[in-house]
Amino acid sequence: MKKIAIVGGGPSGVFCAIKILEEAKFLNIKPDITIFDCNNILSTLLPTGNGRCNLAYYEFDNIELAKNFPRGEKFLYSVFSRYGTADTINDFSNLGVETYIQDDLRIFPKENSAAFVKQKMLEAIFNKVKLTRTKILEPPKGFDAVIIATGLKKQPVLAQKYGHKIIQIKPSLCGLKIREKEFLKLKGVSFNNVIFTDVGVSGPYIFKLSSINAYKNFPYEIKIPLINPELLTEKLKSNPKKQFKNVVSSFIPNALASVLINTDKQAANVSNKEIKELEFLTLTATAYDNKGEIVHTGGVSLNEINKNFKSKIADNLWIIGEVLDIDGFTGGFNLQNCWSSAAICAKNVIETIYK
Ligand SMILES: Cc1cc2nc3c(=O)[nH]c(=O)nc-3n(C[C@H](O)[C@H](O)[C@H](O)COP(=O)(O)OP(=O)(O)OC[C@H]3O[C@@H](n4cnc5c(N)ncnc54)[C@H](O)[C@@H]3O)c2cc1C
């Protein structure tokens, strides 16, 4: 009997086991699969989507889907052409997890519960896969295939032991600390997908900026869209006697307008320069606010794995999920990377060890 070790029982490791079982059933073979995890299996799935688990994103074009990955985009073109959003929806439906699409195109389980997704994934491997609670820091011996699915919460020591190069790891999809202290009193105030915190700014728009700028050195400038100058000009013109601050408050929260505008002047007296200055809120990002951190950039270099996630460095080794130098924006993209890499790897593992 062929023996397969999966190191890491997060979304990518467990989904890989599910897909290996599916491939094996189709070929009428029974590999001996062990998942090693130093923690509770699938515990990292529970906080996803604020407990609702944003499984995927409603985009069926592989190129468009890959555009949501600041790192890994080109590598993912071929990956998503072989396993994309439709496959995810279909496979989860087969597991008993029906999905729905939110207005913003994010896909969630109908139960709105990550715990439910976890339960269905565990049911699929129950009594068919061995689960061993151990930390694996050395290449496990006696296996025909080893799959590394350890994520990036910690340095991927095992991949390094096999000789893999690790691209510098940085937090991504996180809040940012800012230099401008006058905005910190706005804690809790939100606008345009941005929320002020006790140390700076957070929210989906900031997550995206933190991802795009992951390798930039602090401090750096960030620009947040505030008020369209044409719309503001129009509103000022139609309310010439109103206070400037009050007109601005019809576009952004009162508290933010009060910090930005320190004059009692009337709308009629506002200059074009003052209008232009409100197009963007420009702030200085000084550090990550690690509290909100969702994924990490960096990890195992994509130059060292082939299109089936097989290592080019070590024999019979595959590497999948977040441990790779792939990361996407928020919206279900990071889990899609887990499902796609796991499914493609599973097929290739079976083809390779049973050839
Ligand atoms: C709060 C939060 C919310 C998120 N929400 C979403 C969302 O809604 N949608 C989305 O697409 N993405 C979301 N993400 C990102 C997503 O959770 C990750 O991309 C995903 O969990 C990565 O899966 P993985 O299996 O590759 O790694 P992980 O989930 O990190 O799992 C790795 C597993 O390996 C184990 N492990 C590590 N090292 C070893 C070792 N040496 N030996 C044995 N075991 C080991 C760990 O204990 C862990 O169980 C969210 C992330 C966070 C933090």
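1. Ground rules. This is a predicted model, so local features are taken from residues with pLDDT of at least 70 and side-chain atom pairs from pLDDT 80 or more, while totals for chains, interfaces and linings use all residues. Residues are numbered from 1 along each chain as its sequence is written, and side-chain values use heavy atoms, with hydrogens and water left out.

2. The chain as a whole. The protein chain has 12 helices and 16 strands; these are DSSP runs numbered from the N terminus, helices being H or I with at least four residues and strands E with at least two. Its C-alpha atoms fill a box of roughly 85 × 40 × 35 Å along the principal axes. Of the 355 residues, 53% are buried (buried is under 20% relative accessible area, exposed over 50%, partly exposed in between, with a 1.4 Å probe and protein chains only). The chain exposes about 16700 Å², and carbon and sulfur atoms supply 50% of that; the areas come from the Shrake-Rupley method with a 1.4 Å probe, and for residues only the protein chains shown count as cover.

3. Contacts along the chain. Take the contacts (heavy atoms within 4.5 Å) between residues at least 6 apart in sequence: 74% of them join residues at least 24 apart.

4. Who surrounds the ligand? There are 32 residues around the ligand, and Ser12, Asp37, Thr44, Gly49 and Leu335 come nearest (a residue is near if one of its heavy atoms lies within 4 Å). The shell divides into 13 nonpolar, 15 polar and four charged residues. Here Ala, Val, Leu, Ile, Met, Phe, Trp, Tyr, Cys and Pro count as nonpolar, Asp, Glu, Lys and Arg as charged, and the others, Gly among them, as polar.

5. Backbone atoms at the ligand. A ligand nitrogen atom sits 2.9 Å from a backbone N or O atom of Ile136. Another pair is a ligand nitrogen and a polar backbone atom of Asn54, at 3.0 Å, and a ligand oxygen is 3.3 Å from a polar backbone atom of Pro11. On its own the ligand has 1000 Å² of accessible area, and the protein covers 88% of it. The elements that give two or more residues to the shell are α1 (11-27) and α12 (333-353), with α12 giving the most, four residues.

6. Ser12. This residue belongs to helix α1. Is it buried or exposed? Ser12 is buried, because its relative accessible area is 5%. Leaving out residues up to four places away in sequence, Ser12 touches Ala149, Ile320, Gly321, Cys338 and Ala342.

7. The cores. A nonpolar core here is a set of buried Ala, Val, Leu, Ile, Met, Phe, Trp, Tyr and Cys residues joined through side-chain atoms within 4.5 Å. The largest one has 76 residues, of which Phe15, Met121, Ile147 and Trp339 touch the most other members. Helix α12 turns up again, giving the most to this core with 12 residues. Beyond four places in sequence, Phe15 touches Tyr83, Asp91, Phe92, Leu95, Met121, Trp339, Ala342 and Ala343. Another core lies apart from the largest one and has 35 residues, including Phe196 and Leu256.

8. Helix α7. In α7 (residues 204-212), Ile206, Phe207, Leu209, Ser210 and Ser211 are buried. They pack against β8 (166-172), β9 (175-178), β11 (194-196), β12 (200-202) and β13 (220-225).

9. Ala285 lies in strand β14 (residues 280-289) and counts as buried because its relative accessible area is 0%. Its C-alpha atom is 6.0 Å from that of Leu176, 109 residues apart along the chain. His296 lies in strand β15 (residues 295-300) and is buried too, at 9% relative accessibility. Among the contacts of His296 beyond four places in sequence are Lys153, Lys170, Glu322 and Asp327.

10. Lys110. Look in the loop between β5 (106-109) and α5 (114-125) for this residue. Lys110 counts as exposed because its relative accessibility is 54%. Past four places in sequence, Lys110 touches Glu98, Thr99 and Tyr100.

Terms used:
Polar contact = N/O pair within 3.5 Å; in protein donor to acceptor, adjacent residues only side chain to side chain.
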